[in-house]
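Colleague: I would like a close look at one part of this model, taken slowly and with the cut-offs spelled out.

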Amino acid sequence: MKRIITYGTYDVLHYGHVNLLKRAHALGDYLIVGLSTDEFNKIKNKESYYTYEQRKMILEACRYVDLVIPENSWEQKIEDIKQYKADIFVMGDDWVGKFDFLKAYCEVIYLPRTQNVSSTKTKEYLKSNKQKGKK
Ligand code: C2G
């Protein structure tokens, strides 16, 4: 049983997120997602549209996700890897190199991001259409 762990905010879930989760899960048998709490998002300077509980519910509905745990800090990854016996840590390659220190505890893999999609772009599109009075 190969266990994979990854982290993120996963706000306004889109196909770029799902593409990451799908490829991460395919590296093993069990995928754990450390989901950024609303408080941690503030530390990351990220505003999320959905609350932690809403983002957790949406992620738990994704077929590639086996367990969602809260991500409260930058420092919890080593403990999580030990506690959840993760064999592989996966992130999109916008993080390449940033988590290489985890190689002392498990395999570290950065996967290519999916181009042309982001929660920010989606939110901006919806906001601009709202201003134009479109439904
Ligand atoms: N992602 C992707 N393609 C996109 C958008 C996101 O592959 N078009 C990946 C990111 O690389 C990340 C995951 O989807 O691995 C979640 O993205 P975010 O929610 O933006 O995560 P982020 O804010 O980068 O948080 O401790 C790590 C942080 O919590 C990562």
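Which of the 21 residues around the ligand come nearest?

Modeller: A word on the basis first: this is a predicted model, in which local features need pLDDT of at least 70 and side-chain atom pairs count only at pLDDT 80 or more, whereas totals for chains, interfaces and linings use all residues. Residues are numbered from 1 along each chain as its sequence is written, and side-chain values use heavy atoms, with hydrogens and water left out.

Among the 21 residues around the ligand, those that come nearest are Lys46, Glu71, Lys77, Asp94 and Val117, where a residue counts as near if one of its heavy atoms lies within 4 Å of the molecule. For Lys46, a polar side-chain atom lies 2.5 Å from an oxygen atom of the ligand, while the backbone also takes part: a polar backbone atom of Tyr10 is 2.8 Å from a ligand oxygen, and a backbone N or O atom of Gly92 lies 3.0 Å from an oxygen atom of the ligand. Of the 630 Å² of accessible area (Shrake-Rupley method, 1.4 Å probe) that the ligand has on its own, the protein covers 95%.

Turning to the strands, S4 (residues 88-92) pairs with S5 in the parallel sense over five bridges, pairing being called when DSSP finds at least two bridges between two strands, and Glu107 in S5 is the bridge partner of Ile88. Strand S5 (residues 107-111) is largely enclosed by the rest of the structure, because four of its five residues are buried, that is, under 20% relative accessible area with a 1.4 Å probe and protein chains only.

Key: Buried < 20%, exposed > 50% of the residue type's maximum accessible area, 1.4 Å probe, protein only. Helix = DSSP H or I, 4+ residues; strand = E, 2+ residues; numbered from the N terminus. Polar contact = N/O pair within 3.5 Å; in protein donor to acceptor, adjacent residues only side chain to side chain.
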